[in-house]
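Hello,

Here is the structure you are taking over. My notes follow below it.

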Amino acid sequence: MPLIIVFAIVGGLAQFVDGSLGMGFGITSATLLTLLGYSAVAASAGTHAAKMGTTLVSGLAHWREGNVDWRVLLAIGVPGSLGAFAGAVILTNVSLDGARVWMSLILLILGISIVMRFAFGKTLIPQVKARTRHLWPVGLFGGFVDATGGGGWGPVATPSLMTLTKHAPRKVVGTVSAAEFSVAVFASAGFLFGAKESQVPWGAVIGLIIGGLIVAPFAARFAGRAPVHSLGTLVGGMVIISNLAVMFKLFGVPGAAGGLLCAAVAIGAIALAWRVHKMDVKPGETPAKKKSAAVVG
């Protein structure tokens, strides 16, 4: 029982990050399970089993807050589900650590690009308005990465949609969070198909679900009301931290050194987001100007 309580707390914190920033639940949960000694397959399978419950509630909460674009959800959710199923089956037989290095490097660049865009108004990667029907590679790749890495749907889909679409961050976060339910269901089906059910740590799953279900509605409400540029800055910071942590682990960087660097980046991102928030509304600014400034792109 005490272990379930621990996982419930972790699930609640992870869901708040995931529901408000569009990423974090899978990476946080899978990392904890790995640190506790579970195999990569067990950690990813347990995380996705828990996400079937948390993402359903999170998706409904974002829908009620008006944060979901259903056309984009279908465009990324269907291929994402197929990619997740394939990735789950492959993970039971193949190690993909080498591919994760390149994936993390690409996502790290995307994270830096997002911070520069929302915090400083600079464009490192040209932003284009992709047609909805052309977004399927984002979903396919995101679902595959999510299943093979124990998490990654958000870090792939959220920055990609922020780069390829003109949607405000709350719409991107809400749509990605809602689509994640289908991705989690198909990933879990893939793990049950390719691995033994006994590999799923059900005690941890129950704890993660309890914590995630409690926090999901509050996270969706926060995402719907958070300042646009501040939220975008936090999303970029989360992408950078997540992928720095993955690269530190793969390259054998000592835990203390890696933790200090990630903590420094986190503090810097929070401070920068607060500075952006203070600058968002200027003295004498009219509501019309404020609304116009909130529309990115």
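What percentage of the 297 residues in the chain is buried? Buried residues, meaning those under 20% relative accessible area with a 1.4 Å probe and protein chains only, make up 49%.

Two remarks on conventions. This is a predicted model in which local features need pLDDT of at least 70 and side-chain atom pairs count only at pLDDT 80 or more, while totals for chains, interfaces and linings use all residues. Residues are numbered from 1 along each chain as its sequence is written, and side-chain values use heavy atoms, with hydrogens and water left out.

The chain has 12 helices and 0 strands, taken as DSSP runs (H or I, at least four residues, for helices; E, at least two, for strands) numbered from the N terminus.

On confidence: pLDDT is the predictor's confidence in each residue, from 0 to 100. Its mean over the chain is 81, and 86% of the residues reach 70 or more. Helix H4 (residues 70-91) has the highest mean, 93, and helix H12 (residues 287-294) the lowest, 42. Residues 282-297 have pLDDT below 50, and this stretch makes 13 contacts (heavy atoms within 4.5 Å) beyond near neighbours in sequence.

On packing: a nonpolar core is a set of buried Ala, Val, Leu, Ile, Met, Phe, Trp, Tyr and Cys residues joined through side-chain atoms within 4.5 Å. The largest one has 49 residues, and Trp-153 and Leu-161 have the most contacts inside it. Beyond four places in sequence, Leu-161 touches Val-72, Ile-76, Leu-135, Val-172 and Val-176. Another core, of 10 residues, lies apart from the largest one and includes Ile-240, Leu-244, Leu-272 and Val-276.

Regards

Terms used: Buried means under 20% relative accessible area, exposed over 50%, partly exposed in between (1.4 Å probe, protein chains only).
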